[in-house]
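Subject: Structure handover

Hello,

Here is the structure you asked to look at. Please open it next to this email and follow the residues as they come up.

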Amino acid sequence: MVKEMAGWVLSFCILLVVNGVGVHASEDLQPYRTAFHFQPLKNWMNDPNGPMYFNGVYHLFYQYNPGGPLWGNISWGHSISHDLVNWFILEPALSPKEPYDIGGCFTGSSTILHGSKPIILYTAQDVDGAQVQNLALPKNRSDPLLKDWIKWSGNPILTPVNDINTSQFRDPSTAWMGPDGKWRIVIGSEIIKGQATALLYYSTDGFNWTRSDKPLKFSRETNMWECPDFYPVSNTGKDGIDTSFQGNNTMHVLKVSFDSHDYYVIGMYDPQMDQFLLATSDFNVSNTQLQYDYGRFYASKSFYDGAKKRRVLWGWVNEGDNPSDAFKKGWSGLQSFPRSVWLSDTRKQLVQWPVEEIKKLRAKQVNMESRELKGGSLLEVPGISGSQADIEVVFSLSNLSDLELINSDMSDPQHLCDQKNVSTSGSYGPFGVLVFASQNLTEQTAVFFRVFKGPNKFQVLMCSDQSRSSIAQGVDKSTYGAFLDLDPLHDKISLRSLVDHSIVESFGGEGLACITARVYPKLAIHEHAKLYVFNNGTKSVTMLSLNAWNMNKAQIVPMD
């Protein structure tokens, strides 16, 4: 995440000089601080690092600037939880102080070695500006909170040599063990001759690592790969699998981050030969490539939760307001709400869903059943906040006649959502929900579906339209889009949205597609934000059910 931040920080420094902006928290911008998404009490946060479950405690580390709300002085923030909802904030676990990490303690992972020994592997920038890999250990493994970490005396454990670009060598993955008893990791890189690469390394002890003769995967089609993640998924259910599991009825996922999105492929992994053979299309620069999330979501990291036998995923959700607002707010950056991840029934993609513990935050509920939504319908959901809610709604269609046509089954969903936004009526759609809606709908954030007829099949398009999300200038109002792999004639079309003051996380088709957006309304804040269900299409749709809950605030407090 070093390269992506550099231009942003430079432009902001110029802005500070020109405008003379000071560091202070402005109350008029605090409506955007979230209630149940994780964020530190103040300052900058980006990539999630090294999440793990150890001795009954969940640990989340993250890129953090303890000195201010902009990227810089990057350390490892550290927070702990017993339920993935409420968090205690500890002192930073790692700070840039040594010659090998003086330029910043960047992204990495945690691994629990045999004998219940956790380690951290992390990238840093050394005194010469090169990216190197380092290792840290708990100072006291009997401390249930693992508050204190010490850097290994043998750091750096890996340096960029030979064909590795010294500024493109970062983000070691969680380690997994092969049948030969050796640990393996992958590190994101770009080989000098232009190959985006997941470099493969071996170790017998977790401390001393040797590069494999061949990478796990590479591509000449994309930019450098950041934040690689490699893990198994079950063919037979929703349960997660330990990262080192080798056995039947499994497939493997390789996720990499580039071009501001997290892309993944699914395949079969041969641990004897360390070969990864794809079952899906390879990485490419395309909006039809499989993504964890088609909105603002990046640099994700997963871990295996042995207590509940699930794989849990976090992602960094960056800001979309004016850079000067970071100083006014006193903070920047969120983490997505943690998601469970499993393989879909078709085995063609992943499914993601908020972890079940979110239900403990649910307060007042409103339920609606079986409503016909004729063309042009707008139905307010009374008693539910449009700025802090958990919303689940299910639609069904019938008699799919006179559908809009698209020329290709591989049409770009992002382009379609831009072209056919919430104000553009079709036959079936747009229909969905309006959140952060002001009294007269001057401000609104629309999450909706449209159904098309392609050359070979129906296409269900999911959009998150922020074009009217705020009357403010200088904030991002992008529209995001994705296709859902379902048949609208036989399958219900469901939507779940987590709405939290400046973030909307939406899950379409029970988690087949996810879109995260950031919004900064001026009118539709707190009690002035309303929630609606709507149908702007010409054909009627049936809302089979709607369940919505006001959400209580999670406890995110310092550990005294």
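Six strands form an open sheet in the order 25-37-27-33-34-35, with antiparallel pairing. Strands here are DSSP runs of E of at least two residues, helices are runs of H or I of at least four, and both are numbered from the N terminus. Two strands count as paired if DSSP finds at least two bridges between them. Strand 25 (362-373) and strand 35 (513-518) are at the edges with a single partner strand each, so one side of each has no neighbour in the sheet. On average, neighbouring strands of this sheet are turned by 15 degrees against each other, direction ignored. For such angles, axes are lines fitted to C-alpha atoms (for helices over the stretch in contact), and the angles run from 0 to 180 degrees between N-to-C directions.

Inside the sheet, strand 33 (residues 493-500) runs antiparallel to strand 34, and five bridges join them. Val-499 stands opposite Val-504 of strand 34.

Before the side chains, a note on the source: this is a predicted model, in which local features need pLDDT of at least 70 and side-chain atom pairs count only at pLDDT 80 or more, while totals for chains, interfaces and linings use all residues. Residues are numbered from 1 along each chain as its sequence is written, and side-chain values use heavy atoms, with hydrogens and water left out.

Salt bridges

A salt bridge is a side-chain nitrogen of Lys or Arg within 4 Å of a carboxyl oxygen of Asp or Glu. The whole structure has 28 salt bridges. Arg-339 is buried at 1% relative accessibility, and Glu-505 is buried at 0%. Buried means under 20% relative accessible area, exposed means over 50%, and partly exposed is in between (1.4 Å probe, protein chains only).

Salt bridges that share partners also join Asp-305, Lys-308, Arg-310, Glu-356 and Glu-357 into one network. Elsewhere, Asp-321 and Lys-329 form a salt bridge with closest N and O atoms 2.9 Å apart, and both residues are buried.

Aromatic rings

Rings of Phe, Tyr and Trp (its six-membered ring) pair if their centres lie within 6.5 Å; planes under 30 degrees apart are stacked, over 60 edge-to-face, and the rest tilted. The count is 27 aromatic pairs. Trp-353 and Phe-507 make an edge-to-face pair, 5.9 Å centre to centre with 65 degrees between the planes. Trp-353 belongs to strand 24 (residues 350-354) and Phe-507 to strand 34 (residues 503-508), so this pair also links distant parts of the chain, 154 residues apart. Trp-353 is partly exposed at 23% relative accessibility, whereas Phe-507 is buried at 1%.

Phe-38, Tyr-62, Tyr-64, Trp-87 and Trp-314 form one aromatic cluster.

Charges over rings

A charge sits over a ring if NZ of Lys or CZ of Arg is within 6 Å of the ring centre and within 35 degrees of the ring normal. The charged end of Lys-182 is over the ring of Tyr-202, 5.8 Å from its centre. Lys-453 lies over the face of Phe-458, at 6.0 Å from the ring centre.

Regards
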